[in-house]
Amino acid sequence: MTGDTVGSVSSVQELRDGAASAVAVSSSWPEIAGPVAAALRSVAADPTGRGLPPVRSVMLTAKTLRARDEPLLRPGETGMPFDEGRTIGELAGYSVPVAHGHLLFALARHLRPRRVLEIGTNIGISAGYIASGLDAGGHLWTLEGSPARVRVAGGVLTDLCVADRVTLVPGRFEETLEPTLEEVGGFDLVFVDGNHQDEPTRSYYRMLAGRGEAVTALVFDDIRWSEGMARAWNWIVRRPATRWSLDLGRLGVVLT
Ligand SMILES: C[S@@+](CC[C@H](N)C(=O)[O-])C[C@H]1O[C@@H](n2cnc3c(N)ncnc32)[C@H](O)[C@@H]1O
């Protein structure tokens, strides 16, 4: 299987190399690097999560959503400026592919985080993968600026039977991130998948990395989406608070 492509996450070999690298640093933070390695091995062994009913269930939900061609916005409903004319099916296409979803699920399952943050809910597909991996003590706060997307995400998470583990936070990140951070106090695992620009990405890192004693795992989507994102990622891996980083092609994983 060495060198096989795994959707857009990475190759099986890169996932295995990433797991070995995490194990190599795990003597410093065994409580986090070991579980990160286990999550990477899980994806390398079964990228599309066929053998994992919760991953399969979210994947099938995403597939059903991609086939829905009705408009996102109901008559009179407001959304983000770029919601106009979009269908639910189109939006589902902007969500994480199943191999990424499996990685998010596996990180939640192996790290057993109490407090998880997602920046950018869209219609709840990545939130579904994360929440499906949480145990009874874990909770996800997910931020989204489009009220219409928040409404659809609420239905998706209810259908997946994980709504009790998720708080949907409506509003622009510029107005919701700081108060959510203050209210919750810090996060163990963060998925950054919102405003894919250089400066906003750096500011999320500044706000979230290296807070407190506990190690935080940050996962960034689309680290090569634009020149700005590539610059932000190169900046992130060089920060003193970044203790370990892994480039998985489209995704970047950081321990701080
Ligand atoms: C790529 S999508 C998230 C995809 C989702 N994580 C998934 O994989 O299922 C990014 C989301 O961020 C939201 N967004 C972008 N900029 C925002 C901002 N400044 N404040 C609030 N939401 C924003 C968009 O409306 C969009 O739904």
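This briefing describes the sheet, the helix packing and some single residues of the structure above.

The model is predicted, and local features are given where pLDDT is at least 70, side-chain atom pairs count only at pLDDT 80 or more, and totals for chains, interfaces and linings use all residues. Residues are numbered from 1 along each chain as its sequence is written. Helices (H or I, at least four residues) and strands (E, at least two) are DSSP runs, numbered from the N terminus. Seven strands form an open sheet of mixed pairing, in the order 5-4-3-6-7-9-8, where two strands pair if DSSP finds at least two bridges between them.

**The sheet**

- The edges of the sheet are strand 5 (166-170) and strand 8, each of which has a single partner strand, so one side of each is left without a neighbour in the sheet.
- From one strand to the next the twist averages 15 degrees, with axes taken as lines fitted to C-alpha atoms, for helices over the stretch in contact, and with angles running from 0 to 180 degrees between N-to-C directions.
- Strand 4 (residues 139-144) pairs with strand 5 in the parallel sense over five bridges, and within this pairing Thr142 has Leu168 in strand 5 as its bridge partner.

**The hairpin of strands 8 and 9**

- Strand 8 and strand 9 (residues 251-255) run antiparallel and are joined by five bridges, and Leu248 stands opposite Leu251 in strand 9.
- The two strands form a hairpin with two residues between them, and Gly249 in the turn has a positive phi of about 90 degrees.
- A residue is buried if 20 or more other C-beta atoms lie within 10 Å of its own, exposed if 12 or fewer, and partly exposed in between, with C-beta atoms placed from the backbone.

- Helix 9 lies across strand 3, strand 6 (189-192) and strand 7 (217-220), and runs at about 170 degrees to strand 6.
- Contact between two residues requires that their C-beta atoms, placed from the backbone, lie within 7 Å.

**Helix 5 with helix 6**

- Helix 5 (residues 98-111) and helix 6 (residues 125-133) pack at an angle of about 30 degrees, with their axes 7 Å apart.
- The two helices are therefore roughly parallel to each other, given that angles under 35 degrees count as roughly parallel, over 145 as roughly antiparallel, 65 to 115 as roughly perpendicular and the rest as oblique.
- The crossing of helix 5 and helix 6 is right-handed, a crossing being right-handed if the near helix is turned clockwise from the far one by less than a right angle, and left-handed if anticlockwise.
- Gly101, Leu104, Phe105, Ala106, Ala108 and Arg109 in helix 5 meet Ser126, Tyr129, Ile130, Ser132 and Gly133 in helix 6.
- By class, this contact of helix 5 with helix 6 has six nonpolar, four polar and one charged residues, where Ala, Val, Leu, Ile, Met, Phe, Trp, Tyr, Cys and Pro count as nonpolar, Asp, Glu, Lys and Arg as charged, and the others, Gly among them, as polar.

**Helix 9 with helix 10**

- The axes of helix 9 (residues 198-208) and helix 10 (residues 227-237) come within 8 Å and cross at roughly 25 degrees, which makes helix 9 roughly parallel to helix 10.
- The crossing of helix 9 and helix 10 is right-handed.
- On the helix 9 side Asp198, Thr201, Arg202 and Tyr205 meet Gly228, Met229, Arg231, Ala232, Trp235 and Ile236 in helix 10, and the residues of this contact divide into five nonpolar, two polar and three charged.

**Single residues**

- Most residues other than glycine have a negative phi.
- Asn122, in the loop between strand 3 and helix 6, has a positive phi near 55 degrees and counts as buried, with 23 C-beta neighbours inside 10 Å.
- Cys161, in the loop between helix 7 (147-159) and strand 5, has a positive phi near 60 degrees and counts as partly exposed, with 13 C-beta neighbours inside 10 Å.
- Pro240, in the loop between helix 10 and strand 8, counts as exposed with 8 C-beta neighbours inside 10 Å.
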